[in-house]
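Morning, everyone. Please bring up the model on your screens. I'll walk through it piece by piece.

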Amino acid sequence: MNLILFSGVLCLVIGTLLPMSPKLLFALAAIPVLVFVVCFRARRTVLASCLIALFLAACVGWGSYFTDRQLQHRLPHEQYGSDLAVRGCISSEVELQNRSGRTVGRFVLVLEPNSHSPLGLRQIRVSWFDAPAELQAGDCLEAIARLKTPRSYANGLPYDYVASMMFQGVDATGYLRHATVINTAPDCTDWATRLKQRLSGALSGEAQRWVAGLVFGDKKAFTHSQWQQVRDTGTLHLLVVSGLHVGIVGVMSLLPGMVMLRIAAMALSLMRHPASVEHLRWFPPLLALIITAVYVWVAGSGISLLRAWVMFAVVLLIWQNPRRIRRTTVLIFAALMVMVINPLSWTQAGFAYSFAAVAALVLYFEGQRNSKLTAIFLPQFVVLICLLPIMTYWGQSSSAGHLIANLFAIPLVTLVILPLALSCVTPLATLTGPWMTSAGGWFWSWLDIVDGLGLPAIYVPTGTSLLIFAVSLGLWLLGARLLPLLVSVLLMWAAVFAANVFELSGAASQKAGLWLVDSGQGQALLVSDGAHHVLIDTGPAFGEQFSVASSALVPLMRRDGIHHLDALIISHGDNDHAGGVDDILRAVNVDRLFVGEKLNLGSKKDVTEGLAEEAEQGEKKVQLQTDCHQLTKEAGTQTHVLSDAFQLAFLPVPEVERTNANNHSCVVMIEWMTFRILVPGDIDMDVERSLIAAHGDNLRADVLVAAHHGSRSSTSNMWLNTVRPNVVLFSAGYRNSFGHPHSDVVKRLGDGVEHANTATAGLITLSSEGRFSLERAKWLPHWHAPTDDERDFSLHGHVLE
């Protein structure tokens with residue numbers, strides 16, 4: 001049975017990856033025949049073989065059909081950036097932010113039936129500049145929206161933005177150019193939001209924040225710094241609405257049903273109809289299922305909640321039906337049900353985390369008996385340990401501080417804070433509210449103490465993931481005995497710590513390469529010879545919540561074992577080049593920071609702790625930020641040798657030419673392996689002429705990163721004739737409003753110069769042997785199918801001579 005259920009899950013995954021086509025329909029017709037033959041040879045009955053074959057074929061078909069329907073709802077690429085008239089109602093909470101004195105509202109708009117896509121747009125996620133401060137869920141709008149098809153950065157990382165939008169049913173993103181609030185229609189009102197407000201209305205202050213965040217999953221309830229703190233201390237899982245919440249709500253909701261059943265039984269006995277009680281025994285579980293279903297809906301219907309509700313339903317079924325069912329069967333069945341509801345669930349991180357955590361508990365504790373003490377503490381630590389391979393895959397770090405933080409935080413949240421928070425949505429709120437406030441304060445105080453210990457993060461190297469997974473399997477096999485568990489944990493952490501020391505000491509060589517990151521309308525270039533690492537620019541940031549540095553650069557560095565930077569070079573202070581500086585300085589240690597113009601670094605201590613305020617260098621003192629234009633010698637440049645195969649040379653821009661931010665850019669010549677790469681920032685043609693006059697043939701380079709993202713005002717014919725690049729790389733946003741790279745610039749390259757653009761190629765990688773690879777030229781799921789303007793992948797596989 002387990003094998004059949006697991007095969008169904010696998011077939012659903014395969015189905016999402018196969019677009020609906022005549023070939024797929026032919027394959028679906030062949031699957032039942034093949035499966036029937038296999039099952040029949042395995043001595044199953046003809047009926048059972050037929051049912052299994054049809055079940056697996058149906059799973060493949062449903063996965064493909066579901067994904068195809070999502071794509072037909074999505075805004076067509078032909079209308080990318082178009083202005084469309086839309087009408088609909090706000091279905092999510094409105095996030096109001098202040099940007100440069102303007103109020104910006106972000107929300108999801110559920111649209112009325114329309115013909116903007118083959119099956120019509122359903123939901124759009126938009127921003128509204130100068131939005132009314134009183135805007136709220138349920139308000140209906142009539143607007144002109146500039147919309148884009150959801151599109152991911154292509155950097156070879158696990159998170160798939162397009163799949164996430166499809167999973168949520170969001171068919172386009174963008175902003176409202178003009179909008180008018182029509183009315184607040186009752187049929188459009190977000191009843192879940194109103195119910196949450198009603199249940200937590202009697203609370204205020206810290207208690208209300210905990211109830212909104214912990215019980216109802218409102219991410220805005222906690223501040224950005226608090227979310228960052230729980231991530232840094234490994235306690236994020238405690239503040240995310242999970243199956244634990246559903247279980248507690250389910251148990252609590254069983255009690256009124258059982259009381260009502262007892263009263264009904266007494267009444268029927270007095271009426272001399274005791275046999276009728278047997279027909280009412282399903283009332284408590286049905287009531288509990290209804291209450292928990294409402295709670296899951298109100299809390300956002302996340303993957304972990306759907307999985308927990310399905311498992312709770314199966315547990316109730318087992319409770320009412322004494323027939324023994326293995327817990328592994330329940331787990332796989334729950335995964336199958338979640339996948340049937342939304343076959344794209346497997347693309348979300350929550351799916352892997354939630355099912356891996358439950359699987360760890362099932363495999364480790366099935367058939368074991370534990371003391372009350374181990375039953376409280378042991379499961380959480382088993383989950384924390386067994387999730388390490390998944391944390392590695394998703395680019396998260398771990399630390400000894402995580403274990404210390406969870407040692408107190410797990411029982412505090414599980415046994416104190418969560419029950420108090422749930423009681424605060426009952427008539428007991430006035431009594432338990434003050435206790436909730438105190439318990440929440442204890443939680444944050446404990447995390448402050450752990451933060452103060454200053455324990456370094458341990459990044460689990462990709463190569464040791466298999467080791468960690470093997471140790472996890474060993475934990476499951478050893479059983480629940482405490483001594484073997486402790487020994488296994490100590491051995492595992494010792495292995496991870498040794499691997500970190502080995503890599504951080506430089507004894508191990510990381511992967512050498514050059515990576516021009518897909519950063520949208522920005523620039524970020526990472527270069528490594530395997531032992532020394534340099535980052536030029538960080539790409540843009542979009543508010544506190546998102547930056548290319550935190551979402552792409554840091555995960556890429558961790559994936560390739562890069563835990564420090566010998567140099568961070570910020571060409572100039574514009575957001576598209578310097579937006580993620582604080583995130584980089586917070587995530588990794590940086591030996592030197594070079595800038596084209598002075599930066600305003602974050603005021604938090606942890607932002608600059610990786611940089612010395614003053615560092616001795618011969619007889620000079622190097623300040624926190626070193627001006628790359630002042631590094632001049634008689635030759636007009638200064639070279640920084642990192643290794644025999646890696647050195648940097650700054651080509652300072654004459655002060656008379658530094659008339660704007662773009663012309664303050666650091667111009668960097670990289671000599672790496674046997675190649676020369678020129679990175680000129682955002683300089684214009686006037687600066688190019690000055691550099692040609694000063695350096696002449698010394699500007700010759702194998703690879704040129706086009707200045708100013710390919711703007712018409714840069715990359716002149718004179719510049720190209722002097723540099724004579726074999727390859728030109730553009731870093732620009734897909735269909736950006738500036739028209740970068742400009743068609744005139746592309747024409748200047750001529751036929752003899754290969755070129756590629758991150759907008760259409762994704763991450764551009766140059767290996768130490770000189771071979772280029774483009775991320776979008778590799779296999780990608782069919783929802784990333786290239787459009788007509790991004791099918792030129794001629795640079796993929798090209799080798800520099």
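A word on ground rules. This is a predicted model, where local features need pLDDT of at least 70, side-chain atom pairs count only at pLDDT 80 or more, and totals for chains, interfaces and linings use all residues. Residues are numbered from 1 along each chain as its sequence is written, and side-chain values use heavy atoms, with hydrogens and water left out.

Now the overall picture. The protein has 27 helices and 29 strands. Both are DSSP runs, numbered from the N terminus: helices are H or I with at least four residues, strands are E with at least two. Of the 801 residues, 52% count as buried. Buried means under 20% relative accessible area, exposed means over 50%, and partly exposed is in between, with a 1.4 Å probe and protein chains only. Next, contacts, meaning heavy atoms within 4.5 Å. Among contacts between residues at least 6 apart in sequence, 70% join residues at least 24 apart.

On to the cysteines. How many disulfides are there? The count comes to two, where a disulfide is a pair of cysteine sulfur atoms within 2.5 Å.

Cys628 lies in the loop between strand 20 (626–627) and strand 21 (638–643). Cys666 lies in the loop between strand 22 (646–650) and strand 23 (668–672), so the pair ties together parts 38 residues apart in sequence. Here the torsion is about -100°, so the disulfide of Cys628 and Cys666 is left-handed. Cys628 is buried, at 1% relative accessible area. Cys666 is buried too, at 2%.

Cys11 counts as buried, at 14% relative accessibility. Cys59 is buried as well, at 6%.

Next, helix 17, residues 429–452. It has 24 residues and reaches 34 Å from its first C-alpha to its last, close to the 34 Å expected at 1.5 Å a residue. That expected span is 1.5 Å times one less than the number of residues. Its buried residues include Met436, Gly440, Phe443, Trp444 and Leu447. An α-helix has 3.6 residues a turn, so residues three or four places apart point the same way. Just after helix 17, Gly454 takes a positive phi of about 65°.

Trp444 leads us to Gln226. Leaving aside residues up to four places away in sequence, Gln226 touches Arg209 and Trp444. Gln226 is found in helix 7 (residues 224–232), and at 13% relative accessibility it counts as buried. Its side chain makes a polar contact with the side chain of Arg209, at 3.0 Å. A polar contact is a pair of N or O atoms within 3.5 Å; within protein, one must be able to donate a hydrogen and the other to accept it, and residues adjacent in sequence count only if both atoms are side-chain atoms.

What is its strand order? This open sheet of eight strands runs 20-17-15-11-10-9-28-29, with mixed pairing. Strand 20 and strand 29 (772–774) stand at the edges with a single partner strand each, so one side of each is left without a neighbour in the sheet. Inside the order, strand 11 (residues 533–536) and strand 15 (residues 567–570) pair in the parallel sense over three bridges. Two strands pair if DSSP finds at least two bridges between them. The bridge partner of Leu535 in strand 15 is Leu568.
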